[in-house]
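Hi,

Here is the structure I promised to pass on. Have a look at it first, and my notes on what turned up follow below.

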Amino acid sequence: MLDFIKIINSDYAGVLSLFSSLVMVIVTIIYVRHTKSQAYYARKSAELVAKQIKTDKQPCVVPHVTDSYGSAWNASDYTRMQLGFSIKLKNVGDSPAINIYTLADFELQFIKDSEGNKKMLPASLLPGFIQALSAGDEVDIDIHFETSEIKELVCELRKTAEKNWERIRTNPSQNHYNGPNLIIRVFFKNLMGQWCESSISYEIAWLAYKNPPQHKKHNLNENTIPPKEIHEGDKFKAVLSSNRIAPFVFEMTNEEYVTDLLQKYIDESPWLSTVLKEKYT
């Protein structure tokens, strides 16, 4: 037996050394793969924990239109109009919301922009800004639209009414044509600095006089705008779809998207320039 071991040791030492090296290489590869797999699952676990922490307690700011008010008056060489909306912002989440920006647009369905998309008409002096809103708290803000946006809105409402009257005459079983929408978007951060966006959309049925004349016919739209026009001295409001059927969306977003969006409003709200420079550069 000893002689056999001596023969192997003298004649096959190189082979044994090679074999042992191969075994060590295989063991090392298996160990590296096992370690890499453990590192991967550890990283995934850490990401899931971080995601859970981020989503466990979140603010959720919900906008809700509570009133509408409009007026027209003489502005020397033209009749100036304004249409405003009172908006309640409520944090229905379980964490504070900070740096809250509110934007609002009229979204037209039939009048398109230069690229053929639905035309968006922004409100004036945007964005609305609130420093912070605790969980369960609410605050009231106001936004308004100016003359040019109101004129385009009335034009869109007229197109919608014409299409719906034609639908009633020719195909009353068809669903009604949707009119322009009032879209309100709210951007805010949680305590970890992550941005969130919530939005709500109301269909605008028509504009109504605050003190309409008495009806002479059994026609719901006898004294609405349109077909009536807005004249100097008129007081009016927007008639919106019910809050119960207004689509609401909440989602996470990122700082780059919010920054690029707010940059568009610097010309009208110069104070944003300083805010964006301090916060995002």
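Searching the whole structure turns up seven salt bridges, where a salt bridge means a side-chain nitrogen of Lys or Arg within 4 Å of a carboxyl oxygen of Asp or Glu. Before the details, keep in mind that this is a predicted model: local features need pLDDT of at least 70, side-chain atom pairs count only at pLDDT 80 or more, and totals for chains, interfaces and linings use all residues. Residues are numbered from 1 along each chain as its sequence is written, and side-chain values use heavy atoms, with hydrogens and water left out.

Start with Glu138, which forms a salt bridge with Lys88, their closest N and O atoms being 3.5 Å apart. Glu138 sits in strand β6 (residues 138–145) and Lys88 in strand β2 (residues 79–91), so this pair ties together parts that are 50 residues apart in sequence. (Strands are DSSP runs of E, at least two residues, numbered from the N terminus.) Asp140 also forms a salt bridge with Lys88, with 2.9 Å between the closest N and O atoms. Here too β6 is tied to β2, so parts 52 residues apart in sequence are brought together.

As for accessibility, buried means under 20% relative accessible area, exposed over 50%, and partly exposed in between (1.4 Å probe, protein chains only). Glu138 is partly exposed at 42%, while Asp140 is exposed at 51%.

Another salt bridge joins the side chains of Asp105 and Arg185 (3.6 Å, N to O).

What about disulfides, i.e. pairs of cysteine sulfur atoms within 2.5 Å? The search finds zero. Take Cys196: its closest cysteine sulfur is in Cys60, 8.2 Å away, too far for a bond. Cys196 is buried, at 0% relative accessible area, whereas Cys155 is partly exposed at 32%.

Last, the strand pairing, which requires that DSSP finds at least two bridges between two strands. Strand β1 (residues 61–74) pairs with β2 in the antiparallel sense over 13 bridges, and Trp73 stands opposite Arg80 in β2. The two strands form a hairpin with four residues between them, and Ser76 in the turn has a positive phi of about 65°. β1 also pairs with strand β10 (residues 235–240), again antiparallel, over two bridges; there, Ser71 has Lys235 as its bridge partner.

Cheers

Methods:
Disulfide = S-S within 2.5 Å.
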